Amino acid sequence: LKDKTYQSANSPELVKEVSRSVLQLMKNFQMPRYKIIVQTVIGEKVGQLLRIASRCLWDPKTDNMISVNYETKDMVAVVNVYGVYLD
């Protein structure tokens, strides 16, 4: 994303691209019996505050998630990756 600029017309494709890239990276970890879910939000940064809250009902012993924020001069991206164990 470092060389990208925010364009509302291209943001749906950029979200898909980032989500696919993250999912492919997660597949390299080869975690059998886990469902990997990637959620990506990209928005224009024009001085406003952005807050994203998320809540999941799962088993805290086996399931987990990570959230990564990335900002450029004109855009903000939030990627959440969830790992949910399948019985």
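Me: Which residues make up the largest nonpolar core here?
Reply: This is a predicted model, and in it the largest nonpolar core has 11 residues: Y6, L14, V18, V22, M26, I36, I42, M75, A77, V79 and V81.

Me: Which elements give two or more residues to this core?
Reply: Those would be α1 (11-27), β1 (34-44) and β3.

Me: Let's pick A77 from that list. What is A77 in contact with, leaving aside its neighbours within four places in sequence?
Reply: A77 is in contact with L1, V41, I42, V68, N69 and Y70. One of these, I42, is also a residue of the largest nonpolar core.

Me: How does the lining divide into nonpolar, polar and charged?
Reply: The lining of the largest pocket has 7 nonpolar residues, 5 polar and 4 charged.

Me: Switching to charges: how many salt bridges does a search of the whole structure find?
Reply: The search turns up 1 salt bridge. E71 and K45 form a salt bridge through their side chains, at 3.0 Å from N to O.

Me: Where do the two partners sit in the chain?
Reply: E71 is in strand β2 and K45 is in the loop between β1 and β2. They are 26 residues apart, so the pair links distant parts of the chain.

Me: Is K45 buried, exposed or partly exposed?
Reply: K45 has a relative accessible area of 31%. Buried means under 20% and exposed means over 50%, so K45 counts as partly exposed.

Me: Last one, I52. Where is the place of I52?
Reply: I52 is in the loop between β1 and β2. Its relative accessible area is 41%, so I52 is partly exposed.

Me: What does I52 touch, not counting residues up to four places away in sequence?
Reply: I52 touches V41 and V78. The C-alpha atoms of I52 and V78 are separated by 8.4 Å, with the two residues 26 apart along the chain.

Key: Residues numbered from 1 in each chain as written. Predicted model: local features only at pLDDT ≥ 70, side-chain atom pairs only at ≥ 80, totals over all residues. Heavy atoms only, no water. Nonpolar A, V, L, I, M, F, W, Y, C, P; charged D, E, K, R; others polar. Core = buried A, V, L, I, M, F, W, Y, C linked by side-chain atoms within 4.5 Å. Buried < 20%, exposed > 50% of the residue type's maximum accessible area, 1.4 Å probe, protein only. Helix = DSSP H or I, 4+ residues; strand = E, 2+ residues; numbered from the N terminus. Contact = heavy atoms within 4.5 Å. Salt bridge = Lys/Arg side-chain N within 4 Å of Asp/Glu carboxyl O.
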